Every structure is written in structure tokens, then in C-alpha cells.
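Thanks for coming. Please have the sequence and the structure open while I talk.

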Amino acid sequence: MEQKAFKRPFVHLFYIFFLSHLVFCQLDYRFYDSTCPSLTGIVRYGVWSAIANDTRMAASLVRLHFHDCFVNGCDASILLDDIDSTFVGEKTARANQNSVRGYEVIDKIKANVEKACPSTVSCTDILTLAAREAANIAGASYWMVPLGRRDGRTANKTAANELPSPFESLDNIIAKFNAKGLDTKDVVVLSGMLSFNAIIINLLIILCFKNKTTTCAHTIGFAQCFTFKQRLFNFGGSRKPDPDLEASLLKGLQTVCPDQVDSDTTLVPLDSVTTNRFDNSYYRNLVNSSGLLQSDHVLSTDNRTASMVLSYSRYPYMFLKDFGASMVKMANIGVLTGQDGEIRKNCKVVN
């Protein structure tokens, strides 16, 4: 009896501390309302200016957010620079180097936020808001973003090298999503934006070749030829093209991406008749066998994902709604709140 009497108050104190810690650390939609009321406007203008100068930046900012959250959680570690031999960041990881873009956009927005609200807003929250604004400007539905994330003090290049890849099986990709608290539905929803490590996010996926042109004045995503060339010439070691690839698409791609090494880094534009718009074209293309990457194509043939691809191809509003929900889930992976982490003054370095 004495043992039980001793345990009860300890257990009660533990639960009180634990629950109060959770409440204190919760993200809040109005987190900066009093401390930085101009935050959303500053971020929106910064993103709009960047996209006006470079249409591809809409896709790049969302991809930057994805690559941050999938490595040790959403903590802006991807923004940290290497510092000689004393600090190794994630920018030079295989999945990021010469691929991920938009660092300078976040740095510029952060500088403007610091002028308005010094030492108040984390780089992580700025990146999260920037991804939302970028997608919204491109045509995605607007979703609410709870705020209050803090910045990490470390980076993990090893984990960044293990980001989901377009060369992996769907099983591996799903497993990596599951490890982050995301499910198969999130894989399908976010694949429309995140063609993993392919130098691209597919906001839209009807190629310019489908419109009988090899150039596009306005594009919102690009892929390097090496990420899909095996489908054009040697699918599965057969020395033949992927039979599932739509004929006119195949012909156009083989012209721009000939079977030679010097074409590996050639950028192939992804575009649509709804130029510069975020919609369900990605899924309509998958249904029509016009998905560019093999990791995308399999979504329309695998029993776990095919029905979702078909639904999104038919019902664009369903996709837009689910996309916002999946982005919110992703933005909550491993966040630091309360007294954890820090509020960086410069996104490139820890304080």
C-alpha cells in the first residue's frame, strides 16, 4: 500500500507535466498575430516576386520544404551552409546538390522579416509559409498553416542522402513515407508535386511535345533526361522503350533526350494547356500512360494506388482538398517547439 501511495502522486505529476508540455508546445494558427502581424504579407510578396522572375520557383520552393521535412523533421536544417570542417550541412547531399533550388528566396524573405520582427520568426515557419504561398500562387487551394516551429541546430547529410528517389520501388517509397507518419494516400497526393530527386516537382505534367513544340515560354517544372531515359531506350534491360509510354510522348522525348551521355543533364520542360496552373493534369497523364518517371507511372498500375490516381484524374477538387491536408501533415513532421531549437537570425547558420 505504501508503494502505491508513493507512486500515485508521482504519476499524477508526470501526467500534469507531460500534458502541459504538449499544450505549451502545440502549433497555433495565430502564433505571430501579436509579435509579427505582417509576416504572411512579407512572405507572400517575397514568393510572388520570386515566381514572377522565375516560374519554376513555385515548384522549387515546395520541393525545398519537402526535402527539409523528410530529414530529421521540419527544422530548416536544409538551409544551413557547410562551415569548413566544423559543420556539415545538407545542401551537398546527393538529393540536393545541383538540384534543390530556392535557398536565396528564403534568405531574402528572412532578411525582410527580421527587419519587421527581429529574432521572432523561425526560418522553418518561413519555409513552411513560402511553400504554401508558392502552391497557392500556382493554383492550389489555400490551406491554413499552424505556426510556432523553431529551427534546428544540427543537420544530417547522411539522412538527406536517403530521401525517396524516383529510382526506388513503390514499396520503398511507401515505407519511407510511413516512417515519417505519412500513409499511401499521402504518397499519391504529394507525388503530383514531388517527383522525388528528379530535379523537378511535377506541378503539371503535360509535356510541350504534346502540343507539338519543344520549347515553352512558361514552365513550372523540369526533369533531367537521366531520370527517365531508361524508359526511352532500355526499359528493364530489354533494349526497348517502355511499352506503356504513350507513342507521341515517346517520340518527342527520344528527340530531346537521345541515347547518349551528353544529353543526361538536358532539362525537359513540363507544361500544360493550363499554363502555369496547379491542377490534376499529373493524374490525367498517368491514366493516359504519359507519366514521365517510372516511379510515377507505377502509381497508376499498382493495386494500392491506382484507384486514387483514377479518382484524382476525374475529380480535381478532391485532389486539391487532399493535397492541402497532406501538406499540413508533412509540415508537422518532427517539429521543434517551445524551448527546443532556436530562432535563427540568419537561416544559413546557427546562432
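Predicted model: local features only at pLDDT ≥ 70, side-chain atom pairs only at ≥ 80, totals over all residues.

Let me begin with arginine 149. Where is arginine 149? It sits in the loop between helix 5, residues 123-137, and helix 6, residues 157-160. Is arginine 149 buried or exposed? Its relative accessibility is 1%, and the cut-off for buried is under 20%, so arginine 149 counts as buried.

What does the side chain of arginine 149 meet there? With the side chain of aspartate 125 there is a polar contact of 2.8 Å. A polar atom of the arginine 149 side chain also lies 3.0 Å from the backbone oxygen of alanine 331. Setting aside neighbours within four places in sequence, the contacts of arginine 149 include Leu27, Tyr32, Ser122, Thr124 and Thr128. Asn332, Val335, Leu336 and Ile343 are also among them.

Next, arginine 231, which belongs to helix 9, residues 229-233. Arginine 231 is buried as well, with a relative accessible area of 1%. From arginine 231 to leucine 253 is 22 residues in sequence, and 10.0 Å in space from C-alpha to C-alpha.

Now to backbone angles. Most residues other than glycine have a negative phi. Which way does alanine 76 go? Its phi is positive, near 65°, and alanine 76 is not a glycine. You will find alanine 76 in the loop between helix 3, residues 57-69, and helix 4, residues 103-116. Alanine 76 is buried, at 0% relative accessibility.

Arginine 239 also has a positive phi, about 65°, and is not a glycine either. Arginine 239 is in the loop between helix 9 and helix 10, residues 247-256. Is arginine 239 buried or exposed? With a relative accessible area of 75%, arginine 239 is exposed.

Last item, helix 13, residues 306-314. Which residues of helix 13 are buried? They are Met308, Val309, Tyr312 and Ser313. If you look down the axis of helix 13, these buried residues fall within an arc of 135°, so they line one face of the helix. What do the buried residues of helix 13 pack against? Their partners are helix 8, residues 184-191, helix 11, residues 281-287, and helix 14, residues 316-331.

Note on methods: Residues numbered from 1 in each chain as written. Heavy atoms only, no water. Buried < 20%, exposed > 50% of the residue type's maximum accessible area, 1.4 Å probe, protein only. Helix = DSSP H or I, 4+ residues; strand = E, 2+ residues; numbered from the N terminus. Arc of directions from axis to C-beta. Contact = heavy atoms within 4.5 Å. Polar contact = N/O pair within 3.5 Å; in protein donor to acceptor, adjacent residues only side chain to side chain.
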